[in-house]
Amino acid sequence: MKRKIMMYFLFVALASSLYAQESNKIEFTEFDLDNGLHVILHQDNSTPIVAVSIMYHVGSKNENPERTGFAHFFEHLLFEGSENINRGEFDKYITNAGGVNNANTSFDRTFYYELLPSNQLELGLWLESERLMHAKIEDIGVETQREVVKEEKRQRYDNQPYGRLIIEVFDRAYNKHPYQWMPIGSLEHLTSASLEEFVQFYKTFYVPENATLSIAGDISIEETRKLVKKYFAEIPRGGKEIPRPDIVEPEQKKEVRGVVYDQVQLPAVVQAYHIPAQGTDDAYALSMLSTLLSDGQSSRMYKSLVDEQQKAVTAGSFPLALEDPGLYLVYTIANMGVGVEELEKSIDEQIDRVKNELISEREFQKIRNQVENDFVTQNSTMAGIAENLANYYVYFGDANLINTEIEKYMSVTREDIKRVANQYFSKENRVVLYYLPESQKDKSTDTETKSDN
């Protein structure tokens, strides 16, 4: 009898899970224009809002090593206006229509979006078509945005506590691959670049065949299809081959260690392990491992280093699973009076634990629940749906991963988590960075080691 009851509850749980997945399914339509533009449409008439977004498959890794920062610079520059939009008017069109807009740039892509009342759909399409076809690349806009980027770099990196930490880590982790520089790039490169270089970058990457237009919200599929053709079908193809880096970072064969002094009060310790690209089976297992180690204050690292040992004021980890092989970062900021060597030892103890012990069924179920909840939450807004549909298509050629990728997470086993910890969390495969207050500079005798990849 007990066995029958248990089987009944298991059946109910499975049925509920399947029903939940089906009820959260994102329906969409996709098609290509003759000029190569890929279009994805998701209709949800529950609220009178529409997200209009366009993703260009260009990030900092596509840049000339002598001209870094171009992709991020264009994120700013393409708000300057077009042949039919005066300088400074782009944002006004959005705000006057009751909407908001923004953009972001990563190592691998650049993304623009407008969130508008649904009766302003046509406005969003016109603005993005202008950005794609008629953007003004001229001296006054370039000079203006150079100053904007300089100020952003000062605020985000130079004058922010621990702001340069990520720059220092990636510079040491990569010797060949263009991930060695951040999307912010080099201000010297931007300053010395000619107007013609900016024009050529635009003509190379901001073309229909390198773009995905993703629209989600209160729309009619057929009417939106007509509007998309109206505004985008006549834009000509770029016609050039899109440069894609084929550089493979050599395997790191010995630990790389470094020390950086900055205007901070408390020391930090960062470890960076080389990991495979996003979408691989091991990338999903490493993501699950990150949830175990650092998702919330009940996670292993926070509970041990912050609550129990009180050696750190914060602790965490996360994988940067990029289009090409990325990094898994483990970070801590030391508590007052705690040395970096002592803190590093405590980090290593947590890493060794996941390498040597199979996690419990209870912990495993907890992280599965957290991952499933996070997966659903990221598709809870129209802007989130539009971006995720574009991401899945651009990176994997399969927008339906927005519905099915959770299966890849759920297929990860406890044994997989232990295996990837052992495979990738080795000292030979990592960068260790001590980020110290400048007041300690004269007292330190630490030396830096570099990889000889």
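Leaving aside neighbours within four places in sequence, which residues is asparagine 403 in contact with? In this predicted model, the residues are Asn24, Lys25, Ile26 and Phe28. Asparagine 403 itself sits in helix α15, which spans residues 401-410. Asparagine 403 has a relative accessible area of 15%. The cut-off for burial is under 20%, so asparagine 403 counts as buried.

The setting is a chain with 16 helices and eleven strands. Its radius of gyration is 24 Å. The globule rule gives 22 Å for 453 residues. The two values are close, so the chain is as compact as a globular protein of that length. Along the principal axes, the C-alpha atoms fill a box of roughly 75 × 60 × 40 Å.

Burial extends to 52% of the 453 residues. Contacts were also sorted by sequence separation. Among those with a separation of 6 or more, 80% join residues 24 or more positions apart.

The accessible surface of the chain comes to about 21300 Å². Carbon and sulfur atoms contribute 49% of that area. The chain carries 48 positive and 71 negative side chains. The centres of these two sets lie 5 Å apart.

Methods
Residues numbered from 1 in each chain as written. Predicted model: local features only at pLDDT ≥ 70, side-chain atom pairs only at ≥ 80, totals over all residues. Heavy atoms only, no water. Helix = DSSP H or I, 4+ residues; strand = E, 2+ residues; numbered from the N terminus. Rg over C-alpha atoms; globule rule 2.2 N^0.38 Å. Buried < 20%, exposed > 50% of the residue type's maximum accessible area, 1.4 Å probe, protein only. Contact = heavy atoms within 4.5 Å. Areas by Shrake-Rupley, 256 points an atom, 1.4 Å probe, with all protein chains shown as cover. Lys, Arg positive; Asp, Glu negative; His and termini not counted. Charge placed at Lys NZ, Arg CZ, Asp CG, Glu CD.
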